[in-house]
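Work through the exercises below with the model open. Each task is followed by a solution in steps.

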Amino acid sequence: MELNRNVGLSFSRNQLDWARKAAFASALLLGLLAGCGGGGETEVAQAADAAKAANAPKAAMAAQQAPDAVDGAAADPAAAAAEEDLEPAEEQERAQRAALLRAPTLAAASGRAPVGVNLEGLYDWARLQPFVDLMKTARPWGTVDAPWEERAEVDALGWPTGDAGVIVNVRTFEPGDERKAYRYLTRGVYKLKFKGRATVATTSVNVTVRGYRYDAAANRSTADVVVGAGADAIMLTFRNTRGGVKNVSLRRPGYGATETFTNEFREAMQPFGVLRLMDFLRTNDNPVRGWGERTTPASATQASRKGGAIEYAIQIANEFDKDIWINIPSGANDTYVRQLALLLRRDLAPGRVVYVEYSNELWNFIFPQATENLEAAVREAVEGDRTLTNGRLCTRELFNANVGECNKYHAGYNRIGKRVVQISDIFADVFGAAAMNNRVRVVYATQFASPGIAEQVLKNIATYRGQPSSKFYAVATAPYFYLSEQLASSEWASQEQILQSLQSSLNSENEPYFAAGALENGAFVRKAYRGGLNSGASHKALADFYGLKSIAYEGGPDLRQNPANATTKIAANRDVKMGALVRNELAQWFGCGNDLFMHFSLTSSWDRYGYWGLTNDPLEPAGPKYAAAREIALRDRATLTSCR
């Protein structure tokens with residue numbers, strides 16, 4: 001979340017918790033099971049309410065059992081190649097070795113404007129699905145009678161230890177999706193494989209299970225899951241398992257046995273050189289503390305609260321010649337950080353860069369990690385760390401009274417800087433000093449609308465921990481421009497009014513502050529920062545003073561989270577003027593001497609949760625926003641010189 005300079009609080013992206021989106025997808029699935037067919041939002045809401053009231057009756061889950069005998073389905077050459085029975089970790093390792101052989105050893109073409117993108121989180125309902133194996137983004141396992149409740153008994157890796165059901169994929173329907181191919185799953189034969197034996201069934205509309213085979217010697221089962229026209233969900237149940245199933249995979253049609261990522265994923269991110277994996281890694285409210293707790297390629301799903309496996313992030317970098325931006329969970333201990341650095345040093349291809357950020361928006365109390373950081377700061381200060389309070393010894397009583405330097409919020413800001421430096425020191429120990437600010441780029445992320453936070457933290461680091469430029473690479477902010485609150489809630493705002501409001505925010509609240517300067521008597525003045533506190537210096541001025549880069553971890557247009565007038569907002573996203581706004585922000589950002597800009601985000605639905613995506617259709621990565629970002633990403637940076 002960023003603070004709008006004029007109107008107070010606004011959202012930098014979906015702060016309403018992705019779980020609400022998952023709940024909506026569950027409601028859609030329940031509607032399908034009840035025969036509602038997945039129509040408009042009203043029908044889905046009614047279906048969800050009805051399902052809740054009825055407590056998801058078991059009758060809706062009547063199994064369509066698959067025959068054990070072969071039904072004579074035509075052989076699939078890709079599936080035949082997939083018959084080799086590899087464990088998930090071994091399969092991923094083999095694919096990664098192949099990717100390393102293909103990966104270029106040089107960075108992306110030099111001289112281009114450094115434009116990157118944030119990726120969506122790993123969910124069964126996410127727009128851009130990265131994995132060929134749909135089970136990688138399936139929900140955690142549920143019971144056979146209520147797969148959506150995610151309450152199955154599971155082992156340490158998340159595989160069910162008894163009969164269970166799973167929601168594999170759900171296509172949500174939003175305004176603007178009416179004529180999109182995205183609305184439905186790709187038709188064809190999906191190849192199911194798993195360890196163990198089961199009676200496999202589905203109640204999903206226009207989806208059938210056929211050709212079940214069991215190899216007793218290998219204790220392995222295979223089957224075809226056939227998706228027909230108009231199917232928008234896949235749910236599977238596994239009965240008569242005698243102890244559960246493991247290593248379940250469901251591969252999309254048309255892919256070879258060793259392919260990990262989808263063609264749509266490859267094509268959508270192709271123009272952009274850096275990928276921020278904050279949502280991919282489920283950074284917000286991530287419970288992981290130790291290295292052994294994290295998701296691995298062998299985990300039952302990559303879509304749990306622990307986020308995706310770092311190994312897949314590395315494979316993306318290697319296979320697609322991308323630099324990656326990794327977010328470390330807020331509670332991760334030093335051993336986790338060291339093991340992460342060791343894994344990256346071992347497996348990240350030569351020529352690839354990794355940006356490293358501590359958690360995400362630790363100043364933003366919409367996210368639980370902000371409170372966690374604040375509590376840790378008070379605890380560490382009370383235990384004697386005076387660097388967090390500029391030399392003052394503080395007690396809990398003084399923090400509660402907010403006396404002088406015993407300001408818990410300021411201590412929290414300073415703890416972020418402290419932890420960033422600690423993380424940087426661990427990476428330097430693993431990679432060596434020469435790699436720092438080169439192959440490894442640790443960043444300090446802060447709030448764009450409140451540069452005073454960064455001014456305080458950077459001065460604290462310089463005082464107690466060394467020169468910031470010797471510890472990390474950049475100051476990172478999130479320069480969003482906003483639709484006014486009034487227009488966001490209006491049912492009658494015109495497309496032109498929406499675009500004009502965004503233009504006004506960009507012109508007055510963002511672009512002037514991209515330059516090095518400071519606020520003086522309410523006006524922004526181009527000038528260098530000279531040190532001190534409460535100077536009103538911009539982030540670019542602070543970065544210049546401390547020898548750091550000024551980069552954006554997120555940014556772009558924010559139409560806010562409001563269901564009002566969705567059709568008009570979607571039309572505004574498809575307007576060429578929206579593309580011009582995206583283009584103008586990027587051009588001004590680079591023209592004023594800033595560095596990497598990470599748009600939020602590459603893909604998303606356009607709905608009441610926000611309109612973040614450069615496109616809302618991963619099958620058609622086009623439209624004015626996507627085209628504008630792509631154009632700047634392919635531009636010679638030397639041509640971007642205007643700083644109004």
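Glu 319 is buried, with a relative accessible area of 14%. Keep that in mind for the first exercise. The model is a predicted one.

**Exercise 1. Which residue forms a salt bridge with Glu 319, and where do the two partners lie?**

Step 1. Find the partner. Arg 266 pairs with Glu 319, and the closest N and O atoms are 3.8 Å apart.
Step 2. Check the cut-off. A salt bridge needs the nitrogen within 4 Å of the carboxyl oxygen, so this pair counts.
Step 3. Glu 319 sits in helix H6 (residues 310-320) and Arg 266 in helix H5 (residues 263-269), 53 residues apart.
Step 4. Glu 319 is buried at 14%, whereas Arg 266 is partly exposed at 34%.

**Exercise 2. Classify Asp 285, Arg 305, Arg 338 and Asp 429 as buried, partly exposed or exposed.**

Step 1. Recall the limits. Buried is under 20%, exposed is over 50%, and partly exposed lies in between.
Step 2. Take the pair Asp 285 and Arg 305, a salt bridge with N and O 3.6 Å apart. Both residues are in the loop between strand S11 (274-276) and H6, 20 residues apart. Asp 285 has 35% relative accessible area, so it is partly exposed. Arg 305, at 46%, is also partly exposed.
Step 3. Take Arg 338 and Asp 429, whose side chains meet at 2.8 Å, N to O. Arg 338 belongs to helix H7 (residues 334-347) and Asp 429 to helix H10 (residues 408-431), 91 residues apart. Arg 338 is partly exposed at 33%. Asp 429 is exposed at 54%.
Step 4. Look for shared partners. The whole structure holds 28 salt bridges.

**Exercise 3. Why is helix H14 described as largely enclosed?**

Step 1. Count buried residues. Six of the eight residues in H14 (residues 539-546) are buried, so the rest of the structure largely encloses this helix.
Step 2. Name them: His 539, Lys 540, Ala 541, Leu 542, Ala 543 and Tyr 546.
Step 3. Find what they pack against. The list is helix H11 (451-464), strand S15 (474-477), strand S17 (517-520) and strand S19 (549-552).
Step 4. Look just past the helix. Gly 547 takes a positive phi of about 70 degrees.

**Exercise 4. Which strands stand at the edges of the open three-stranded sheet?**

Step 1. Read the order. The strands run S4-S9-S6, with antiparallel pairing.
Step 2. Count partners. Strand S4 (164-170) and strand S6 (199-201) each have a single partner strand, so one side of each lacks a neighbour in the sheet. These two are the edges.
Step 3. Inspect one pairing. Three bridges join S6 to S9 (residues 233-239), and Ala 201 has Thr 237 as its bridge partner.

**Exercise 5. What surrounds strand S12, and how does S12 pair?**

Step 1. Check burial. Six of the six residues of S12 (residues 323-328) are buried, so the strand is largely enclosed.
Step 2. List the partners. S11 pairs in parallel over three bridges, with Leu 275 partnering Ile 324. Strand S13 (residues 354-358) pairs in parallel over five bridges, and Trp 325 stands opposite Tyr 355.
Step 3. Trace the crossovers. S11, H6 and S12 make a right-handed β-α-β unit. S12, H7 and S13 make a right-handed unit of this kind too.

Terms used
Residues numbered from 1 in each chain as written. Predicted model: local features only at pLDDT ≥ 70, side-chain atom pairs only at ≥ 80, totals over all residues. Heavy atoms only, no water. Helix = DSSP H or I, 4+ residues; strand = E, 2+ residues; numbered from the N terminus. Buried < 20%, exposed > 50% of the residue type's maximum accessible area, 1.4 Å probe, protein only. Contact = heavy atoms within 4.5 Å. Pairing = 2+ DSSP bridges. Right-handed = clockwise from strand over helix to strand, strands pointing away.
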